[in-house]
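Q: I would like to learn how to read contacts between parts of a chain. Please take one feature at a time, with the general idea and then the case here.

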Amino acid sequence: MFGLKEYRAVQSLDEAHELLMQSRDNVILGGLLWMKMGRKQYHTGIDLSGLGLNMISETEDSIDIGCMTPLRQMETSPLLHQWFGPLFSDAFKGIVGVQFRNLATLGGSVYSRFGFSDVITALTALDTQIHLYQAGTVSLSEFLNMDQKRDILIKAVIRKQAVKTNFQTRRKSATDFPVLSVAVSLCNGQWKIAVGARPSRAALAKKAADLLSSEPDEEKITATLDSVVNELSFGTDQRAGSDYRKVLAKVLVKRGINAICR
Ligand SMILES: Cc1cc2nc3c(=O)[nH]c(=O)nc-3n(C[C@H](O)[C@H](O)[C@H](O)COP(=O)(O)OP(=O)(O)OC[C@H]3O[C@@H](n4cnc5c(N)ncnc54)[C@H](O)[C@@H]3O)c2cc1C
């Protein structure tokens, strides 16, 4: 079990950042579900839960999701459903169980940059920006590829667009980590195909998506599926081999495209 010498419920992000920078042994606390699996002994645990960052709100152009928002809140949010369809409910329903998702936060899930993350796969298929205290606002893909500097993830901002979405995943058993996950979206004739748990973290198959039109025929879909497995890398781990993942990617992407075209 991990340990904390001190616990601080901060009053502002400035205070949180100052504390974070004081020592490499100080740490931001999310829902603690991943952290509690480790044994690291930290000095100060920095709790952001008094800062009103556990909310999903709407601006003229975007839906903003605070870092302390539990995954379950995203999964059941009428606002997210209204704009992005069942993407988040379908993506999150396989993550352990409801009690777990009542605690796991958006911030902890995105900041950890896990390859298996259903959360990151779903967000990758949308136009998502990440607001960081120090590094400012960056696109989700920039965030995923930048050096892991110590920072505070404040919120995710998703552009409001008329978008159709679909999420597909394969697990060996319910609630296990995904063997592969796929999020597909269609917005103004432009497709996005995000594939995660390859086992590396989610990335967009951009060339493959560009082959699709709004109503693609079988030939175009087949070309797209071939392009997905050529464009993205697929690896082997204890859950599956790379060849199996490539076969699976074609199946799941095809299901996603067909579900949107239906
Ligand atoms: C057994 C198990 C099974 C899981 N299965 C899945 C799965 O199938 N699919 C899936 O997508 N996910 C899965 N997860 C991951 C889970 O959904 C959460 O992503 C994970 O628990 C982290 O969220 P948390 O809020 O608990 O973060 P914590 O454990 O509190 O923190 C994780 C890390 O993020 C940092 N952090 C937290 N918040 C911030 C912030 N605002 N700014 C900067 N850094 C921050 C912490 O310092 C820490 O380093 C699983 C986790 C576990 C433990």
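Q: What meets in a salt bridge with the side chain of aspartate 118?

A: A salt bridge is counted when a side-chain nitrogen of Lys or Arg lies within 4 Å of a carboxyl oxygen of Asp or Glu. In this predicted model, the side chain of aspartate 118 meets that of arginine 171, at 2.7 Å from N to O. Across the interface of domain 2 and domain 3, the rule finds 1 salt bridge.

Q: Which conventions apply to the model and the numbering?

A: Residues are numbered from 1 along each chain as its sequence is written, and side-chain values use heavy atoms, with hydrogens and water left out. This is a predicted model, so local features need pLDDT of at least 70 and side-chain atom pairs count only at pLDDT 80 or more, while totals for chains, interfaces and linings use all residues.

Q: What are the domains of the chain?

A: Domain bounds come from an automatic or database domain assignment. The assignment gives domain 1 (3-47), domain 2 (56-159) and domain 3 (163-261). Taken over C-alpha atoms, the centres of domain 2 and domain 3 are separated by 20 Å.

Q: How many residues of domain 2 and domain 3 are in contact, and what area is buried between them?

A: The size of an interface is often given as the accessible area lost when the parts come together. Buried area is that loss with a 1.4 Å probe, summed over both parts, and contact means heavy atoms within 4.5 Å. Here 25 residues of domain 2 are in contact with 25 residues of domain 3. The area buried between the two is about 1,700 Å², and carbon and sulfur atoms give 60% of that area. Phe116, Thr121 and Ala125 supply 29% of the area that domain 2 buries against domain 3, more than any other three residues.

Q: How many residue pairs are in polar contact between domain 2 and domain 3, and which helices supply the side of domain 2?

A: A polar contact is a pair of N or O atoms within 3.5 Å; within protein, one must be able to donate a hydrogen and the other to accept it, and residues adjacent in sequence count only if both atoms are side-chain atoms. Between domain 2 and domain 3 the count is 8 residue pairs, both residues at pLDDT 80 or more. Helices (H or I, at least four residues) and strands (E, at least two) are DSSP runs, numbered from the N terminus. On the side of domain 2 that touches domain 3, helix H3 (78-84), helix H4 (87-92), helix H7 (118-124) and helix H8 (140-145) each supply at least two residues. H7 gives the largest share of that side, 5 residues.

Q: What is the make-up of that side of domain 2 by class?

A: Ala, Val, Leu, Ile, Met, Phe, Trp, Tyr, Cys and Pro count as nonpolar, Asp, Glu, Lys and Arg as charged, and the others, Gly among them, as polar. The side of domain 2 that touches domain 3 has 14 nonpolar, 7 polar and 4 charged residues.

Q: Where is serine 117, and what lies 3.2 Å from a polar atom of its side chain?

A: Serine 117 is in the loop between helix H6 (106-111) and H7, and counts as buried at 5% relative accessibility. A polar atom of the serine 117 side chain lies 3.2 Å from the backbone nitrogen of valine 119.

How values were computed
Buried means under 20% relative accessible area, exposed over 50%, partly exposed in between (1.4 Å probe, protein chains only).
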